[in-house]
Amino acid sequence: MPSPTPAGFLRAAAPGTRVVVRYRIPGGLTDALGELVSANDGECTVRTKRGDVVVDLGAVTAAKEVPPPPRRRARSD
């Protein structure tokens, strides 16, 4: 069975899945890392540390699920 396209993966992923999405912007590529809020046939929304990022699925070049962020270590003073 062939693996889904990056856009197909995003449309099929459940909201709340932690993802990284690489997409084209003027002058190159950039990434959005965070929780998938929603995805439809035209765009997806990823909640990053800096806020929600809306990505046109036509600009997506790669996308995958990623593990939760590492826990912060307690400071030892």
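Me: Where is the place of Thr17?
Reply: This is a predicted model. In it, Thr17 sits in the loop between helix H1 (6–12) and strand E1 (18–25).

Me: Is Thr17 buried or exposed there?
Reply: Buried. Its relative accessible area is 14%, and the cut-off for buried is under 20%.

Me: Which residues is Thr17 in contact with, leaving aside its neighbours within four places in sequence?
Reply: Gly34, Glu35, Leu36 and Glu65.

Me: What about Pro4? How many residues apart in sequence are Thr17 and Pro4?
Reply: They are 13 residues apart in sequence. In space, they are 16 Å apart, C-alpha to C-alpha.

Me: New topic, strands. In which sense do E2 and E3 pair?
Reply: Antiparallel. Strand E2 covers residues 28–39 and strand E3 covers residues 43–48. Four bridges link the two.

Me: And how many residues are between E2 and E3?
Reply: Three, and the two strands form a hairpin.

Me: Which residue in E3 does Ala39 stand opposite?
Reply: Cys44.

Me: Moving on along the chain. How many bridges join E3 to E4?
Reply: Six. Strand E4 spans residues 51–56, and E3 and E4 run antiparallel.

Me: What do E3 and E4 form?
Reply: A hairpin, with two residues between the strands.

Me: Which residue in E4 is opposite Glu43?
Reply: Asp56 stands opposite Glu43.

Me: So which strands does E3 pair with here?
Reply: E3 pairs with E2 over four bridges. E3 is also joined to E4 by six bridges.

Key. Residues are numbered from 1 along each chain as its sequence is written. This is a predicted model: local features need pLDDT of at least 70, side-chain atom pairs count only at pLDDT 80 or more; totals for chains, interfaces and linings use all residues. Side-chain values use heavy atoms; hydrogens and water are left out. Buried means under 20% relative accessible area, exposed over 50%, partly exposed in between (1.4 Å probe, protein chains only). Contact means heavy atoms within 4.5 Å. Two strands pair if DSSP finds at least two bridges between them.
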